[in-house]
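Here are some notes to read alongside the model. Keep the 3D view open as you go.

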6 protein chains.
Amino acid sequence: MTDRCWDVVTLGETMLRLSPPGAQRLEQAAQFDVYVGGSEANVAVGLARLGMRSAWIGRLPKNPLGRRVSSALSAQGVDVSAVVWADEGRVGIYYLEVAGPPRGSRVVYDRQGSAASELKPEEIDWDLFSRARHFHVSGITAALSASCAETVRQALIEARNRGASTSVDINYRSRLWSPDQARRVLQPLLNVDLVFCTADDARTVFGEQGAPSEVAARLREDWGAKMVVLTLGSEGAVVSGADRLWRGRGHELQTVDRVGAGDAYVAGFLYGYLKGDIDQAVAYAGAMAAWKHTEPGDFCWASATDIEMMLAEEAAEIRR
Amino acid sequence: MTDRCWDVVTLGETMLRLSPPGAQRLEQAAQFDVYVGGSEANVAVGLARLGMRSAWIGRLPKNPLGRRVSSALSAQGVDVSAVVWADEGRVGIYYLEVAGPPRGSRVVYDRQGSAASELKPEEIDWDLFSRARHFHVSGITAALSASCAETVRQALIEARNRGASTSVDINYRSRLWSPDQARRVLQPLLNVDLVFCTADDARTVFGEQGAPSEVAARLREDWGAKMVVLTLGSEGAVVSGADRLWRGRGHELQTVDRVGAGDAYVAGFLYGYLKGDIDQAVAYAGAMAAWKHTEPGDFCWASATDIEMMLAEEAAEIRR
Amino acid sequence: MTDRCWDVVTLGETMLRLSPPGAQRLEQAAQFDVYVGGSEANVAVGLARLGMRSAWIGRLPKNPLGRRVSSALSAQGVDVSAVVWADEGRVGIYYLEVAGPPRGSRVVYDRQGSAASELKPEEIDWDLFSRARHFHVSGITAALSASCAETVRQALIEARNRGASTSVDINYRSRLWSPDQARRVLQPLLNVDLVFCTADDARTVFGEQGAPSEVAARLREDWGAKMVVLTLGSEGAVVSGADRLWRGRGHELQTVDRVGAGDAYVAGFLYGYLKGDIDQAVAYAGAMAAWKHTEPGDFCWASATDIEMMLAEEAAEIRR
Amino acid sequence: MTDRCWDVVTLGETMLRLSPPGAQRLEQAAQFDVYVGGSEANVAVGLARLGMRSAWIGRLPKNPLGRRVSSALSAQGVDVSAVVWADEGRVGIYYLEVAGPPRGSRVVYDRQGSAASELKPEEIDWDLFSRARHFHVSGITAALSASCAETVRQALIEARNRGASTSVDINYRSRLWSPDQARRVLQPLLNVDLVFCTADDARTVFGEQGAPSEVAARLREDWGAKMVVLTLGSEGAVVSGADRLWRGRGHELQTVDRVGAGDAYVAGFLYGYLKGDIDQAVAYAGAMAAWKHTEPGDFCWASATDIEMMLAEEAAEIRR
Amino acid sequence: MTDRCWDVVTLGETMLRLSPPGAQRLEQAAQFDVYVGGSEANVAVGLARLGMRSAWIGRLPKNPLGRRVSSALSAQGVDVSAVVWADEGRVGIYYLEVAGPPRGSRVVYDRQGSAASELKPEEIDWDLFSRARHFHVSGITAALSASCAETVRQALIEARNRGASTSVDINYRSRLWSPDQARRVLQPLLNVDLVFCTADDARTVFGEQGAPSEVAARLREDWGAKMVVLTLGSEGAVVSGADRLWRGRGHELQTVDRVGAGDAYVAGFLYGYLKGDIDQAVAYAGAMAAWKHTEPGDFCWASATDIEMMLAEEAAEIRR
Amino acid sequence: MTDRCWDVVTLGETMLRLSPPGAQRLEQAAQFDVYVGGSEANVAVGLARLGMRSAWIGRLPKNPLGRRVSSALSAQGVDVSAVVWADEGRVGIYYLEVAGPPRGSRVVYDRQGSAASELKPEEIDWDLFSRARHFHVSGITAALSASCAETVRQALIEARNRGASTSVDINYRSRLWSPDQARRVLQPLLNVDLVFCTADDARTVFGEQGAPSEVAARLREDWGAKMVVLTLGSEGAVVSGADRLWRGRGHELQTVDRVGAGDAYVAGFLYGYLKGDIDQAVAYAGAMAAWKHTEPGDFCWASATDIEMMLAEEAAEIRR
């Protein structure tokens with residue numbers, strides 16, 4: 001038996017996020033706040049903060065921006081030793097304006113031609129996957145390029161072959177591909193242990209709507225997944241397993257920055273899932289997603305103690 | 001026929017706004033955020049962002065602060081070629097503390113003796129008005145000094161004489177004059193195409209209160225205006241025309257900075273008005289005013305596309 | 001008769017407060033906002049801003065941080081001429097993360113070994129107390145060390161002996177001592193003119209709960225205090241006097257920073273109390289506490305005019 | 001005769017510049033300062049600040065970053081009405097770390113795939129060139145892509161055909177092309193009125209070194225240019241004309257940010273050149289380049305008065 | 001005999017200083033740094049930091065900006081109890097761009113119509129002057145308005161009548177008056193104990209130039225002053241007394257902000273002068289002026305210990 | 001044979017550094033910049049950036065400040081898995097004012113009672129030392145407390161016993177102990193492979209002065225060290241080995257922040273030393289120390305490529 005030194009390994013693109021401070025417009029701000037984020041890296045960070053051993057694999061250029069991305073993850077305890085370093089290429093950027101109604105937050109992507117989008121299966125040392133108990137990836141990675149889609153496909157196989165459980169977060173992005181493209185590429189990959197999907201994506205990409213529990217069950221069957229987590233925004237989630245249904249509740253919260261809340265959800269779920277406790281998975285997932293809304297940047301900084309205290313409603317407003 | 005290269009020209013004082021960042025007090029902040037604003041300039045900016053060709057006329061000193069004001073407007077596409085440059089004088093300042101209840105935002109004016117307040121009719125090349133389809137001014141300009149009031153009076157005549165339509169925004173400011181003074185100076189000027197008035201100003205300055213539609217109609221008749229727009233804050237507005245009444249609705253919003261919302265309203269209204277579509281005017285006006293609340297500074301940065309998307313309720317919270 | 005040149009003198013520890021800007025985490029922020037605060041100093045500042053003559057006594061090291069604390073109080077008009085300057089020692093720190101639900105604000109204390117905690121009765125020139133009409137202290141000071149507790153005990157006696165009225169704010173801090181320790185040390189000190197206590201502390205430290213008016217009356221009797229102010233958070237307060245009960249109402253507010261709200265309450269109460277008007281005391285106290293929530297930092301910057309206008313509901317949202 | 005409403009039109013790529021504040025590293029800074037710059041836009045801004053009518057042509061995406069670039073130029077009075085707006089594409093970025101010895105400032109380019117680099121000759125309305133007295137471009141534009149090189153070639157012809165004088169700044173960038181490529185593309189374009197070249201580029205790209213006056217003369221002859229300005233860094237410049245040589249001196253200066261100094265030089269030179277006064281051109285050019293070193297960002301903000309006062313040595317350190 | 005509770009009282013205008021951070025231009029900066037300063041207030045602060053008891057008298061409006069000025073002085077230990085509070089009026093502003101060669105720092109004054117400039121002799125309680133050992137004023141105050149000039153004249157008499165020594169700092173400002181006006185107003189006032197004058201002002205205002213020691217002696221005689229301090233910038237100073245001459249040396253320094261250096265010089269000189277030690281006065285004055293160059297803002301924050309250590313050359317670069 | 005997965009392990013205290021931005025005073029700044037630093041951690045970071053595998057051992061409290069310290073090191077690639085986590089205690093602080101002459105930078109230590117200073121030998125798993133090729137510590141660690149001194153003593157033995165080479169940096173701090181105490185504690189520990197000592201410390205602590213090469217040789221003999229590196233500030237260094245002397249040169253530099261330059265020197269030296277190349281060690285050490293002066297914070301961010309390019313004088317001022 002191999003030593004599984006990583007609880008979870010994730011694979012994807014991590015970008016710089018540039019945001020005007022406060023409620024300023026991109027056209028207006030004299031400075032941009034700089035954050036690092038990307039769906040799978042956010043999951044790895046969320047898990048590391050909860051105390052799990054996580055690793056992130058991605059492709060970064062050998063320049064200060066590439067190093068900035070990797071050190072932001074290292075700082076949180078995520079293992080970046082398997083990163084693929086490219087001699088050329090750029091770090092993808094997304095510009096984010098945070099705003100309330102009726103304006104709404106807005107993203108301008110500038111990720112085309114990133115080093116990450118040129119990741120190829122042969123660049124990854126698949127044997128590293130034998131270190132991991134679990135492998136996680138999102139649909140975003142598959143949307144970046146044909147070689148990225150192929151890398152995702154192969155990664156899921158390599159992980160399973162080495163005895164790791166696997167999960168996919170649909171994470172549909174309309175700026176990257178159409179619903180049809182997404183469904184065609186993703187559907188064959190979803191016979192995994194765990195799929196995360198929002199109710200919106202279930203409808204938009206897979207044409208499924210109706211009672212959440214039924215949607216989740218249908219998707220599970222269609223995909224051949226062992227478990228499907230259907231998230232319902234502020235109303236919680238339903239989890240459809242082989243012979244049981246779980247329901248997660250929403251949480252009252254005050255939003256500072258909602259980006260990364262879905263990834264925090266995944267991290268919280270995997271935390272419980274890998275301990276073999278789906279009840280805990282559902283509870284942690286919802287709490288992590290709510291907690292994330294209160295923190296600026298893509299990462300969820302909650303510790304397991306934070307989440308436990310929150311869930312125990314011991315989180316009084318000021319602890320002195 | 002003259003070439004109308006400006007859709008709208010506005011006339012007034014534009015100031016520096018100095019604000020402590022966040023919720024700090026003026027007595028406390030180590031830095032002040034610097035913005036540029038003034039009622040008529042805000043209208044010109046709002047229109048330029050919506051895609052109209054607008055110009056602003058005012059009086060600025062030839063110093064870095066005067067240039068700062070003019071370049072802030074240029075940056076937004078407002079034509080400042082008709083600005084009156086003064087060898088002496090200062091740029092007016094207003095200090096703004098933004099605060100929530102029970103404190104409330106607070107303005108400290110420091111605009112006395114500004115170059116703007118010394119504007120005289122003979123300093124303006126009235127022939128420029130033949131370039132404009134519409135002229136807009138607010139009661140604030142008339143309140144600044146006797147020569148400013150005279151300039152406003154003459155400007156409305158010069159504009160009409162050159163075939164431009166005209167509008168006045170009452171915009172009563174209790175720090176600048178009394179209700180009596182305001183009524184005495186403004187009332188003779190209001191036989192224009194369009195008057196904007198808040199329900200508060202209708203009551204305070206003109207002693208009119210009651211059902212909004214009736215107030216608007218009475219004011220229209222008293223003033224001899226073709227159309228009166230009575231704004232009702234978060235409850236929308238009523239527009240009284242010669243033979244029709246329009247009603248605008250309020251919008252749900254989250255306030256970052258409400259200064260300039262009234263000017264955004266005017267810009268939105270003029271946008272539709274100059275297209276000959278009062279329904280669009282009412283809808284855009286309300287949307288612009290709501291949108292403005294989400295942006296720091298005096299200007300409304302919304303584009304016509306933003307407003308259309310907002311009105312079409314396509315403004316989901318994060319567009320990726 | 002002595003000249004009472006101070007309306008109120010307070011005694012306690014004043015610290016640096018280091019906070020990550022915005023909603024950032026302590027682990028994340030590149031800069032910390034620096035504020036000065038401490039329960040009794042906050043009360044002295046609140047009173048000085050309201051127009052009373054106040055003084056603060058504490059122990060500070062002769063270094064730039066000690067001077068920073070004292071000059072922050074001087075700037076507000078608090079007399080710091082009686083501060084005890086120590087050749088050695090540190091200024092205590094508290095790190096504060098401000099956050100909304102479900103995260104909640106969080107304090108990390110780093111106040112052990114502060115110069116303040118080594119204050120001894122013999123370091124204070126008690127004759128200075130003859131300058132004061134009133135002496136105020138909180139339970140926090142008594143919790144810092146044995147010598148601080150002894151100083152508090154003696155201060156209350158010295159003040160009374162010199163004809164000053166006295167007040168104590170329970171202000172229980174679970175990070176500094178246990179409920180038992182707090183009760184044992186504080187109970188003998190509470191036969192004063194005025195005790196401030198939250199409903200939470202009444203229950204936690206003194207085991208009293210039930211109808212607020214009854215709790216206040218029982219505590220007053222048990223302690224031998226002339227008057228007890230029991231505060232109920234957003235629901236206001238009850239004040240139990242020898243033969244009368246007062247009730248204070250809550251206020252609608254939008255929270256920026258709630259630290260110091262309790263101290264603002266005390267300042268507002270003492271303002272009315274020292275004018276001999278308990279109705280005003282109750283009204284000002286509630287208004288001050290609400291106002292404080294809108295300001296960053298520990299101090300309440302409201303003037304008496306601010307509070308009067310607020311109470312007269314003249315605080316329109318933007319005063320121009 | 002056409003109305004020449006532009007003194008100078010320039011053509012090139014304008015980028016966002018992202019810089020860590022102070023001397024921080026890109027890997028370290030929590031915020032990036034945002035500036036707008038690009039060789040030809042910098043020249044247009046420099047001229048506009050000196051009081052000339054300038055325009056800039058480039059290709060920008062229709063998004064907030066594209067608008068930011070264009071409004072930064074508008075703010076300075078540069079005419080951007082001829083900008084080519086693209087439905088797709090990105091704004092190029094360059095990351096700049098400013099540092100002193102022995103570290104040295106460092107640029108990380110992220111400009112590949114920019115909307116600007118896809119500019120094609122057929123996208124430009126060449127008739128606009130009849131508005132201009134002079135056309136200026138740099139070798140950087142030619143280096144961006146084959147279609148950009150072709151656009152530069154054609155622009156020089158179109159300008160000449162419409163009676164405008166023309167200038168080229170060699171501006172060799174080793175990150176964009178090799179010396180050989182640069183020479184092959186640029187050499188056929190240099191039979192213009194005016195070429196700017198650094199002594200370094202003369203050596204690296206054209207293999208010319210030796211006495212500056214001889215280098216300038218040889219280059220002038222080889223290229224078939226009417227005038228060659230050879231700049232020598234802090235030691236000034238030599239200008240070789242058909243029958244005369246001018247020498248410019250260096251200036252004492254304190255460097256804040258040297259990026260854009262070469263473009264400020266060009267702007268200063270063109271200012272005098274277009275007034276027909278080469279002596280003034282040489283003097284203004286050197287003064288502008290020196291002045292630029294004292295200002296952050298790519299633009300030179302000096303006015304003609306500033307430069308005159310500086311040259312008259314009336315620029316005392318503090319003018320009160 | 002009165003109790004002299006103030007070592008020095010000064011009289012003048014104190015303003016807000018608004019500066020773009022770093023080397024930015026006023027037209028460019030998104031924020032302005034806010035400082036408080038004015039010649040006589042700077043002297044009072046310098047003295048208070050050195051351990052002397054100082055007071056400042058001026059006229060401030062009752063608004064947040066007026067309070068900001070007074071609390072900035074209180075924070076430093078300057079007594080502001082004699083400030084004249086005006087119901088109306090503004091706080092003067094000066095905008096400062098700090099820059100190195102060849103640009104040079106630049107001030108834009110916006111002080112016209114300030115509350116300070118309307119100070120009248122009858123607003124001051126001259127009996128307060130009996131509290132002071134010394135009275136200091138600068139020529140700037142006399143330049144503000146006729147009533148200010150009259151106030152300065154009377155203040156010097158009132159001070160002398162109450163047994164205080166007096167000093168005047170010429171401090172000529174070309175933006176406020178002409179050399180002729182300055183000489184006409186100031187010359188009759190200079191028969192005081194101590195006059196400070198720069199070599200530049202001696203030449204510009206009084207037409208005196210040549211060997212510094214001779215200039216100082218001539219001025220002393222002309223004015224009827226007991227002592228004249230002629231400052232020579234980085235070359236030190238000469239002091240001409242009844243029967244002795246002192247020479248002060250310059251100091252090596254690195255400039256951060258030179259504004260206020262002259263006032264720091266005066267504070268240092270008065271410190272020694274009031275101890276009766278002109279040698280110390282000369283030494284402290286030069287050291288204070290040099291020290292001030294290293295600190296941002298108008299005030300000199302050096303303590304007596306700092307100056308002693310500096311003079312003892314014990315100021316190693318990093319003291320750990 | 002053990003696998004030496006660490007090239008170097010270091011042991012010491014790592015603190016928060018709080019600095020007023022720019023040249024502000026601690027009493028003045030509204031914000032403090034937050035950095036992490038400590039002599040041995042700085043060495044570990046410097047080595048990691050150069051590409052070596054380094055680890056840092058210290059004692060940190062389990063709170064956000066403790067985690068901040070550890071993640072700042074993780075971010076740079078330093079292994080923190082051997083950190084001793086304490087349930088109680090504080091993170092030491094040092095306040096740093098950066099200033100030029102004549103003021104000079106100044107440190108206020110607030111490190112007493114830190115968790116780090118309570119480190120005990122029995123808390124460390126000495127077997128971890130078998131992972132390291134080299135162990136480094138500074139005299140600061142020995143100065144913190146008796147238990148820290150004992151830990152240093154034992155660490156040197158444990159390292160040697162496990163086959164690691166060892167080095168000590170004298171790093172005398174007068175605020176922590178007297179020269180006598182330092183000599184008494186350190187002298188017995190210096191029979192190591194490598195000792196770093198400044199010429200100042202050689203004189204102050206060990207009474208050695210004179211020609212640097214002779215001082216280095218005498219110290220080496222006295223201490224029983226194999227090699228002594230005597231650093232001479234801007235004049236370079238001499239290295240005395242068993243049978244050879246090396247001389248290092250100084251570098252021209254522009255200082256942003258000199259804190260950590262000595263640690264950068266050590267990192268550069270160890271880099272070459274562990275490659276067995278003392279010439280490279282001397283060259284890298286001097287280059288690293290110079291480079292560090294240009295970067296804010298305690299760490300040296302140079303990569304091996306940076307240093308090579310610098311040494312090859314290829315570091316042109318702007319590389320585009």
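1. Let's begin with R247(C): leaving aside neighbours within four places in sequence, R247(C) is in contact with G236(C) and V238(C). Being in contact means that the C-beta atoms, placed from the backbone, lie within 7 Å.

2. Before going on, remember that this is a predicted model, where local features need pLDDT of at least 70, side-chain atom pairs count only at pLDDT 80 or more, and totals for chains, interfaces and linings use all residues. Residues are numbered from 1 along each chain as its sequence is written, while chains are lettered from A and ligands numbered from 1 in the order in which they are written.

3. Where does R247(C) lie? Look in strand 14 of chain C, residues 245–248 (strands are DSSP runs of E, at least two residues, numbered from the N terminus).

4. R247(C) counts as partly exposed because it has 13 C-beta neighbours inside 10 Å. The cut-offs: 20 or more other C-beta atoms within 10 Å is buried, 12 or fewer is exposed, and partly exposed is in between.

5. For chain D on chain A, the turn is 180°, with a shift of 0.0 Å along the axis and an RMSD of 0.0 Å. So these two copies are related as by a two-fold rotation axis.

Definitions and conventions
Helix = DSSP H or I, 4+ residues; strand = E, 2+ residues; numbered from the N terminus. Contact = placed C-beta atoms within 7 Å. Least-squares fit on C-alpha atoms with pLDDT ≥ 70 in both.
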